[in-house]
Amino acid sequence: MPTPLDVLNVIAEPTRCRILDALRVGERSVGDLVEEVGMHQPGVSRHLKVLRDAGLVEVRRDAQRRLYRLRPEPLMELDAWLEPYRREWANRLDGLEQH
């Protein structure tokens, strides 16, 4: 299972972020993602494999098409990992505001 840092490294790539953004609205085919991202199908497929390996997306077959959807669990784990850092910065900003 990928760690939060692994997930962070995967989503740091801009094309993968665009793919995840497209999947936020719901399940999409590779063809839909190709149009959305503006990249050739082999490139989108390579990025989808990285996202699948990181557990960020899952795929299902529908006849000849493959439909991808977002898996929120790895992002929720990343969010939980980031929470102490957000809290620390919020405390620091609160202290600065009081000063």
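1. Arg69 has a relative accessibility of 31% and so counts as partly exposed, the band between 20% and 50%. The model is a predicted one. The side chain of Arg69 meets that of Glu27 in a salt bridge, with 2.7 Å from N to O. This pair joins distant parts of the chain: Arg69 sits in strand 3 (residues 65–70) and Glu27 in the loop between helix 2 and strand 1, 42 residues apart.

2. Glu27 also forms a salt bridge with Arg60, where the closest N and O atoms are 2.9 Å apart. Arg60 belongs to strand 2 (residues 57–62) and Glu27 to the loop between helix 2 and strand 1 (28–29), so this pair ties together parts that lie 33 residues apart in sequence. Glu27 is partly exposed, at 31% relative accessibility. Arg60 is partly exposed too, with a relative accessible area of 32%.

3. A further salt bridge joins the side chains of Arg71 and Glu58, at 3.8 Å from N to O. Since Arg71 is in the loop between strand 3 and helix 5 (72–98) and Glu58 is in strand 2, the pair ties together parts 13 residues apart in sequence. Glu58 counts as partly exposed, with 30% relative accessibility.

4. The structure holds 13 salt bridges.

5. How do helix 2 and helix 4 pack? Helix 2 (residues 14–24) and helix 4 (residues 41–53) meet at an angle of about 80 degrees, and their axes are 10 Å apart. The two helices are therefore roughly perpendicular to each other. Helix 2 contributes Thr15, Arg16, Ile19 and Leu20 to the contact, and helix 4 contributes Val44, His47, Leu48, Val50 and Leu51. By class, the contact has 6 nonpolar, 2 polar and 1 charged residues.

6. Thr15, in helix 2, has 7% relative accessibility and therefore counts as buried. Apart from neighbours within four places in sequence, Thr15 is in contact with Val37, Met39 and His47.

7. The largest nonpolar core has 19 residues, and those with the most contacts inside it are Ile19, Leu33, Val44, Leu48, Leu51, Leu56 and Tyr68. Helix 1 (4–11), helix 2, helix 3 (30–37) and helix 4 are the elements that give two or more residues to this core. Leaving aside neighbours within four places in sequence, Leu51 is in contact with Val10, Arg16, Ile19, Leu20, Leu56 and Val57.

Key: Residues are numbered from 1 along each chain as its sequence is written. This is a predicted model: local features need pLDDT of at least 70, side-chain atom pairs count only at pLDDT 80 or more; totals for chains, interfaces and linings use all residues. Side-chain values use heavy atoms; hydrogens and water are left out. Axes are lines fitted to C-alpha atoms, for helices over the stretch in contact, and angles run from 0 to 180 degrees between N-to-C directions. Helices (H or I, at least four residues) and strands (E, at least two) are DSSP runs, numbered from the N terminus. Angles under 35 degrees count as roughly parallel, over 145 as roughly antiparallel, 65 to 115 as roughly perpendicular and the rest as oblique. Contact means heavy atoms within 4.5 Å. Ala, Val, Leu, Ile, Met, Phe, Trp, Tyr, Cys and Pro count as nonpolar, Asp, Glu, Lys and Arg as charged, and the others, Gly among them, as polar. Buried means under 20% relative accessible area, exposed over 50%, partly exposed in between (1.4 Å probe, protein chains only). A nonpolar core is a set of buried Ala, Val, Leu, Ile, Met, Phe, Trp, Tyr and Cys residues joined through side-chain atoms within 4.5 Å. A salt bridge is a side-chain nitrogen of Lys or Arg within 4 Å of a carboxyl oxygen of Asp or Glu.
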